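Open the model in your viewer and keep the selection tool ready. We will go stop by stop, and each stop tells you what to pick.

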Amino acid sequence: MSEKKQQVSRRQFLNYTLTGVGGFMAAGMLAPMLRMAVDPVLKTSSHGDLANVSLSVDDITDEPQRVDWKIDQVDGWYESEVTKTAWVYKDENDEILAFSPICKHLGCFVSWEGSEDFPDEFYCPCHGGRYYKDGTNVPGTPPLAPLDQFEQKVEDGMLFLGEAKEQGEA
Amino acid sequence: MKWKKSDLNQYKQAKEYIDTILIPLVPFHLSNDNTMEKSAFQSEVLSVFTNEIENELSGRIMLTPNYSYLKSADQEMEVERLNTWVYDLQKQPFNHVFFVTFDAAWKKNEQAMQGTLVWLPGLHSGDLHNKEMHALIRDQVEQIGELIRSYW
Ligand code: FES
């Protein structure tokens with residue numbers, strides 16, 4: 001009877017859907033594996049992603065200055081505009097140095113001469129972390145490593161900054 | 001630090017350094033057509049604002065999720081409820097509790113609050129994405145940061 005027919009088709013229908021769902025899950029699991037396998041090939045190098053920070057090289061002095069710029073960042077679920085900051089100056093050899101302001105202790109923002117008590121040093125307001133002008137952590141203060149340094153290049157007289165890289169342990 | 005897994009993992013290992021709590025107080029309502037946009041806007045600004053502060057002082061500050069409440073709710077009751085948050089987080093070694101809000105209503109009950117109220121006046125409307133707004137927020141962030149540091 002029609003009722004019987006209907007039951008079969010319902011069972012079939014469920015079966016189909018379940019197979020469908022299973023298929024989806026399998027694909028969902030396989031896709032990342034596949035991706036991982038070929039990822040090194042697909043991966044575009046993150047180098048070359050240096051951003052123009054709108055600072056002319058001529059305006060860089062031997063006094064560290066704060067530079068802010070924006071980049072698009074994809075962070076898991078969100079794509080967002082994030083502000084990056086660097087402390088930039090020229091050393092005695094006219095070499096440009098760009099330091100990350102992120103304290104190597106627990107990540108607060110350090111400021112150049114942020115404390116009157118410690119001229120000529122970067123100072124972290126959180127737990128009194130200090131760094132010499134060349135980014136080296138002052139022994140005896142909480143940070144255990146020197147400030148990260150940005151990848152950089154100069155093009156058409158403008159400063160471009162990329163990722164902050166760790167310096168060797170001090 | 002924020003209330004998220006990775007930060008809390010770090011928090012547990014460095015508790016003695018993170019002694020300050022920041023709780024954003026955010027009024028919510030949909031009942032009044034005339035003010036709901038303003039309320040939502042202020043809530044957006046506040047979250048940009050508290051995130052910035054957290055960003056600059058993340059090694060010593062824990063930013064909690066927003067404390068949300070109905071704009072029309074009884075204030076005294078809200079103070080009580082808010083204080084239960086404070087009692088909970090006092091199970092950890094926090095020495096300073098700051099509440100940040102645009103809602104002036106808290107001012108009346110400031111005495112009863114178990115922490116320091118930072119009331120930010122103004123900002124009724126505007127564009128979150130334009131330059132002036134950024135400058136304004138930066139400026140306030142700097143000032144509040146200074147205020148918080150003066151308690152350390
Ligand atoms: S975060 Fe800089 S000294 Fe602790």
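A salt bridge is a side-chain nitrogen of Lys or Arg within 4 Å of a carboxyl oxygen of Asp or Glu. Side chains of opposite charge can pair when their charged atoms come close.

This is a predicted model: local features need pLDDT of at least 70, side-chain atom pairs count only at pLDDT 80 or more, and totals for chains, interfaces and linings use all residues. Residues are numbered from 1 along each chain as its sequence is written, chains are lettered from A and ligands numbered from 1 in the order in which they are written, and side-chain values use heavy atoms, with hydrogens and water left out.

**Stop 1: chain A**

Select chain A. It has 1 helix and 9 strands. Helices (H or I, at least four residues) and strands (E, at least two) are DSSP runs, numbered from the N terminus. Along the sequence the pattern reads α-β-β-β-β-β-β-β-β-β. Of the 170 residues in chain A, 34% are buried. Buried means under 20% relative accessible area, exposed over 50%, and partly exposed in between (1.4 Å probe, protein chains only).

**Stop 2: salt bridges in chain A**

Pick A:Arg66 and A:Asp68. They form a salt bridge, with the closest N and O atoms 3.2 Å apart. A:Arg66 has a relative accessible area of 31%, so it is partly exposed. A:Asp68 is at 36%, so it counts as partly exposed.

Now pick A:Glu151 and A:Lys165. Their side chains meet in a salt bridge, 3.2 Å from N to O. This pair links distant parts of the chain, 14 residues apart: A:Glu151 sits in strand E8 (residues 149-155) of chain A and A:Lys165 in strand E9 (residues 158-165) of chain A. A:Lys165 is partly exposed, at 38% relative accessibility.

**Stop 3: two loops in chain A**

Most residues other than glycine have a negative phi, and most peptide bonds are trans. Select A:Asp94. Its phi is positive, near 70°, and it is not glycine. A:Asp94 lies in the loop between strand E3 (78-90) and strand E4 (96-99) of chain A. Is A:Asp94 buried or exposed? A:Asp94 has a relative accessible area of 56%, so it is exposed.

Move on to A:Asp120. It also has a positive phi, about 65°. A:Asp120 lies in the loop between strand E5 (111-112) and strand E6 (121-123) of chain A. A:Asp120 is partly exposed, at 48%.

**Stop 4: two helices in chain B**

Select helix H2 (residues 36-56) and helix H4 (residues 131-151) of chain B. Their axes come within 10 Å and cross at roughly 55°. That makes H2(B) oblique to H4(B). Axes here are lines fitted to C-alpha atoms, for helices over the stretch in contact, and angles run from 0 to 180 degrees between N-to-C directions. Angles under 35 degrees count as roughly parallel, over 145 as roughly antiparallel, 65 to 115 as roughly perpendicular and the rest as oblique.

Next, pick B:Glu56 and B:Arg138. They form a salt bridge, with the closest N and O atoms 2.8 Å apart. The pair links B:Glu56 in helix H2 of chain B to B:Arg138 in helix H4 of chain B, 82 residues apart. B:Glu56 counts as buried at 15% relative accessibility, whereas B:Arg138 is partly exposed at 26%.

**Last stop: the network**

Select A:Arg66, A:Asp68, B:Glu52, B:Glu56, B:Arg138 and B:Glu142 together. A network of salt bridges links these residues. Over all chains, the count of salt bridges is 15.
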